[in-house]
Amino acid sequence: MQSFDVVIAGGGMVGLALACGLTGSGLRVAVIEHQPSVQNFDPQSEPELRVSAINAASEKLLTHLGVWSRIKSMRASPYTEMEVWDNHSFGRIHFSAQQASSTHLGHIVENRVIRDALWQRVLECDDVQIISPAAIEKIHWGENEAFITLSDEQVLTARLVIGADGAQSWLRTHADIPLTFWDYEHTALVATIRTEQPHGGVARQAFHGDGILAFLPLSDPHLCSIVWSIPAPLAEQRKISDVTQFERELSVAFDMRLGLCQLTSSRFTVPLVGRYARNFAAQRLALLGDAAHTIHPLAGQGVNLGFMDVAELIGELKRLHREGKDIGQYLYLRRYERRRKHSAALMLAGMQGFRQLFDGNNPAKKLLRDLGLLLADNLPGVKPQLLNHAMGLSDMPEWLQQLSIIEERE
């Protein structure tokens with residue numbers, strides 16, 4: 001039997017980020033992951049289909065964790081502008097890094113690149129142990145610790161167990177934490193596209209009658225990752241449609257902003273479901289990332305919300321450990337839960353309202369959203385607030401904000 005202070009179920013981006021953040025804290029940490037990292041990234045390889053828009057707040061966290069430079073050396077594409085518009089109408093809003101007094105607004109990074117960089121960093125940490133391939137088979141919640149039995153019959157004990165095991169979280173289910181969920185009635189179609197005109201480092205998003213289409217700029221000036229949120233039957237149809245027909249429909253749906261589009265990858269679909277756990281923590285348990293919440297991808301904030309969960313929990317666990325308190329007591333974990341539930345609820349409500357506003361071609365709704373975009377783009381004081389939210393700067397925990405201020409002064 002091995003004993004740890006913190007056992008993290010899930011070695012994805014969020015779980016590994018927490019492990020990196022706890023190194024050097026005096027806590028003994030283990031990460032349980034069923035799928036080891038391959039660790040053979042080739043910079044000349046084709047981009048992976050799954051990418052994330054890493055905002056400024058997440059970049060600050062990843063820099064603090066010592067992995068951002070590694071991510072950039074592998075493959076990351078900065079975007080300096082964001083443009084959102086309503087097809088066949090006058091609604092439009094534009095953001096630029098210059099407006100934020102920054103060199104960029106964020107980076108588009110393949111999920112695999114982020115995970116590989118974090119995995120490499122964890123392997124360098126003497127006080128973090130990766131147990132992989134492995135999965136949790138059983139868990140018993142004791143008064144002072146949790147007893148965990150793995151698939152290979154290893155037994156671990158932990159003062160705190162972290163559920164970073166994704167949207168279908170095994171830990172959340174076995175802790176009997178209720179889940180509120182709703183079907184967005186959309187499916188995301190994901191692919192890599194070569195555009196006739198260069199993307200110019202601009203992240204673009206178009207709303208049209210039956211969906212939302214985002215073009216995310218990759219490191220090649222003519223390559224973009226697309227996320228096309230459309231009704232499920234249409235997504236499945238376009239997933240298997242003739243390539244020429246798909247390219248034509250895609251170019252038209254994007255208003256020909258980058259000229260003709262050429263499909264350079266397979267097409268992948270993901271059903272879109274909103275999820276919100278009733279509790280983000282319990283006795284000896286805390287939930288992170290998709291195990292606690294999933295949101296619509298229209299603003300690209302899913303992984304950023306998860307990284308801010310990580311940042312909040314890092315600060316809380318280090319504080320509790322310094323003060324000699326039991327890190328697994330729900331009484332002490334409630335502050336983390338309260339703060340992150342609030343942030344997630346605001347984001348979920350905002351995304352749901354935004355999606356409903358841009359759904360369909362109702363003339364009154366169309367006029368309302370067009371006027372909203374126009375006013376947001378022109379009214380003094382509105383755009384800076386929206387930009388602040390898009391960059392995640394208003395969602396950072398206090399310790400990360402203070403660290404950023406110190407680094408800027410230096």
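The largest nonpolar core of this predicted model comprises 106 residues. Such a core is a set of buried Ala, Val, Leu, Ile, Met, Phe, Trp, Tyr and Cys residues joined through side-chain atoms within 4.5 Å; buried means under 20% relative accessible area (1.4 Å probe, protein chains only). Ile-71, Leu-118, Ile-162 and Phe-307 have the most contacts inside the core. Helix α8 (residues 302–322) supplies its largest share, ten residues. Helices (H or I, at least four residues) and strands (E, at least two) are DSSP runs, numbered from the N terminus.

A separate, second core has 20 residues, among them Phe-215, Cys-224, Ile-226 and Cys-261. Ile-71 is in contact (heavy atoms within 4.5 Å) with Leu-62, Ala-76, Val-109, Val-113, Ile-114 and Ala-117, neighbours within four places in sequence being left aside.

Three strands form an open sheet in the order β3-β7-β4, with antiparallel pairing. Pairing requires at least two DSSP bridges between two strands. The edge strands, β3 (51–55) and β4 (77–79), each pair on one side only. Neighbouring strands are turned by 30 degrees on average, direction ignored. Axes are lines fitted to C-alpha atoms, for helices over the stretch in contact; angles run from 0 to 180 degrees between N-to-C directions.

Three bridges join β4 and β7 (residues 106–110) in the antiparallel sense. Here Pro-78 stands opposite His-107 in β7. Helix α4 (residues 111–123) packs on the sheet and touches β3 and β7. The direction of α4 makes about 85 degrees with that of β7.

Residues are numbered from 1 along each chain as its sequence is written. Local features need pLDDT of at least 70, side-chain atom pairs count only at pLDDT 80 or more, and totals for chains, interfaces and linings use all residues, while side-chain values use heavy atoms, with hydrogens and water left out.

Technical notes: Buried means under 20% relative accessible area, exposed over 50%, partly exposed in between (1.4 Å probe, protein chains only).
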